[in-house]
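Dear colleague,

Please find below the sequence and structure that I am handing over to you. My notes on the helices follow.

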Amino acid sequence: MESVFRLDSVSPTLAESFRRASSAKRRQAAVVACELAASSADLAGQEVGLGLAALRGGAAGQPDLRQRLEDLAAHFDDEYLRLNEEVDESRKAETLRLFSKARAASALAFALIHEPGELHEAIYEAIAALDDPSELIRVVESELR
């Protein structure tokens, strides 16, 4: 029986394309997903730049860089949860922005994993970073073919 990915919950078709894709196509799809998510979420900073550069260069990245991106994602998650608990409707946009940044940082961290079979997690997190992921799904689907 095939493994079920979180990606199946947002796009079963995309998850199936991922399963059938080569390692090189999976990596390229994750790179594109991360670039789009980081751009859409306005995610910036030294770790982000280094992570994107490592992905573009075909490297899986150093464990310390991946850890710094995981820490960045956790920071944005903590801020998101803190603001979300305040139930202040005037800060809803800021809360959603923090959620998007957390998901984009998490996507980058997952993309730096050495195992191409796990890149579906990076794609899933990138999709979660966007309000409307339809374009990202379309582009990633194209990369996987």
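How far apart are the end C-alpha atoms of helix 5 (residues 63–86), and what span should its 24 residues have at 1.5 Å a residue? In this predicted model, the end C-alpha atoms of helix 5 are 35 Å apart, which agrees with the 34 Å that the helix should span.

Helix 5 has a set of buried residues, namely Leu65, Leu69, Leu72, Ala73, Phe76, Tyr80 and Leu83. An α-helix has 3.6 residues a turn, so residues three or four places apart point the same way. The packing partners of the buried residues of helix 5 are helix 4 (46–56) and helix 6 (92–111). After helix 5 comes Val87, with a positive phi near 50°.

Helix 3 (residues 23–40) has contacts of its own to report. Its axis and that of helix 7 (residues 120–128) come within 9 Å and cross at roughly 25°, which means that the two helices are roughly parallel. The crossing is left-handed. On helix 3, Ala29, Ala30, Ala33, Cys34 and Ala37 meet Ala122, Ile123 and Ala126 of helix 7. This contact consists of eight nonpolar residues, with no polar and no charged ones.

Helix 3 also packs with helix 8 (residues 134–144), at an angle of about 160° and with the axes 8 Å apart. The pair is therefore roughly antiparallel, and the crossing is right-handed. Residues of helix 3 in this contact include Lys25, Arg26 and Gln28, while those of helix 8 include Val139, Val140 and Glu143. The contact of helix 3 with helix 8 comprises nine nonpolar residues, one polar and three charged.

With kind regards

Methods
Residues numbered from 1 in each chain as written. Predicted model: local features only at pLDDT ≥ 70, side-chain atom pairs only at ≥ 80, totals over all residues. Heavy atoms only, no water. Helix = DSSP H or I, 4+ residues; strand = E, 2+ residues; numbered from the N terminus. Expected span 1.5 Å × (residues − 1). Buried < 20%, exposed > 50% of the residue type's maximum accessible area, 1.4 Å probe, protein only. Contact = heavy atoms within 4.5 Å. Axes fitted to C-alpha atoms, helices over the stretch in contact; angles between N-to-C directions. Parallel < 35°, antiparallel > 145°, perpendicular 65-115°, else oblique. Left-handed = near helix turned anticlockwise from the far one by under 90°. Nonpolar A, V, L, I, M, F, W, Y, C, P; charged D, E, K, R; others polar.
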